[in-house]
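Hi,

Here is the structure I said I would pass on.

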Amino acid sequence: MSKLSHIDETGAARMVDVGDKTVTSRTAVAEATVTMKEGTANLIKDNGLEKGDVLSTARIAGIMAAKRTSDLIPMCHPLPITSVKIDFSWQGDEKLIVTAKVRVKGQTGVEMEALTAASIASLTVYDMAKAVDKDMVIGDVRLLMKDGGKSGRYERAPSKDMSK
């Protein structure tokens with residue numbers, strides 16, 4: 001098993017020194033799901049909620065979250081993000097898939113930024129629709145792909161269970 005990079009030889013938490021790493025193009029894609037009642041999904045699709053356009057607001061929140069990840073996750077480096085894209089798709093009548101793609105030219109990856117963006121976009125959907133559906137469930141937050149850097153490309157293997 002490999003050593004955890006954020007723990008020093010004494011067991012103390014540390015921020016990894018990336019100063020000697022090569023600047024490369026790096027990309028990460030993450031997703032999260034929001035499962036809700038069919039009626040709630042229809043209200044979101046039809047922009048029928050009093051708070052306004054749920055998906056546009058969630059998209060902006062996800063972009064903002066990616067840019068502020070280092071303020072939220074203690075050992076993350078502040079990064080000069082070059083692109084954040086938040087997409088939404090529906091799986092059936094009750095499950096919203098939130099996908100975040102983040103790019104940077106830097107010395108460390110953007111996996112945490114993509115995961116944070118997908119998470120915060122999902123939380124924003126919940127916040128905007130909770131008045132009509134407090135039973136919504138946010139889940140399946142996961143990295144789908146990362147590319148760039150010394151470790152190269154990673155892609156999550158497809159799951160046989162579509163809910164995973």
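The largest pocket is lined by 23 residues, and S5, K21, T108, G109 and E111 are the ones nearest its centre. By pocket I mean an open set of points on a 1 Å grid over the protein atoms alone, with protein on both sides within 12 Å along at least five of seven lines; a cavity would be a set where a 1.4 Å probe fits but cannot get out, and lining residues have an atom within 4 Å of a point. Its volume is about 740 Å³, where grid points are joined across faces, edges and corners and the volume is the space filled by probe spheres set on the points. β1 (24–35) and α4 (111–129) are the elements that give two or more residues to this lining, and α4 gives the most, with three. (Helices are DSSP runs of H or I with at least four residues, strands are runs of E with at least two, and both are numbered from the N terminus.) By residue type, the lining divides into seven nonpolar, 10 polar and six charged. Here Ala, Val, Leu, Ile, Met, Phe, Trp, Tyr, Cys and Pro count as nonpolar, Asp, Glu, Lys and Arg as charged, and the others, Gly among them, as polar.

Before you set anything up: this is a predicted model, so local features need pLDDT of at least 70 and side-chain atom pairs count only at pLDDT 80 or more, while totals for chains, interfaces and linings use all residues. Residues are numbered from 1 along each chain as its sequence is written, and side-chain values use heavy atoms, with hydrogens and water left out.

Now the chain as a whole. It has four helices and five strands, in the pattern β-α-α-α-β-β-α-β-β along the sequence. The C-alpha trace spans about 50 × 35 × 30 Å along its principal axes. Take the contacts (heavy atoms within 4.5 Å) between residues at least 6 apart in sequence: 69% of them join residues at least 24 apart.

Back to α4. Its 19 residues reach 28 Å from first C-alpha to last, close to the expected 27 Å; that expectation is 1.5 Å times one less than the number of residues. Buried residues in α4 include E113, L115, T116, V125 and M128.

In what order do the five strands sit in the sheet? The order is β2-β3-β1-β4-β5, in an open sheet with antiparallel pairing. Two strands count as paired if DSSP finds at least two bridges between them. The edge strands, each pairing on one side only, are β2 (81–91) and β5 (154–155). Going across the sheet:

- β2 and β3 (residues 95–106) pair over 10 bridges, with I86 and A100 as bridge partners.
- β3 and β1 share 12 bridges, and T35 stands opposite K95 there.
- β1 and β4 (residues 137–147) are joined by eight bridges; A28 stands opposite K146, and E31 opposite R142.
- β4 and β5 have two bridges, and M145 is the bridge partner of E155.

β1 is mostly covered, with nine of its 12 residues buried. The β4–β5 hairpin has six residues between the strands, and G148 takes a positive phi near 105° in that hairpin.

Finally, some backbone angles to look at. Most residues other than glycine have a negative phi. N47, which is not a glycine, has a positive phi of about 50°. N47 is in the loop between α1 (38–45) and α2 (54–67), and is partly exposed at 44% relative accessible area. D140 also has a positive phi, near 50°, and is a residue other than glycine. D140 is found in strand β4 and counts as partly exposed, with 26% relative accessibility.

Cheers

Conventions: Buried < 20%, exposed > 50% of the residue type's maximum accessible area, 1.4 Å probe, protein only.
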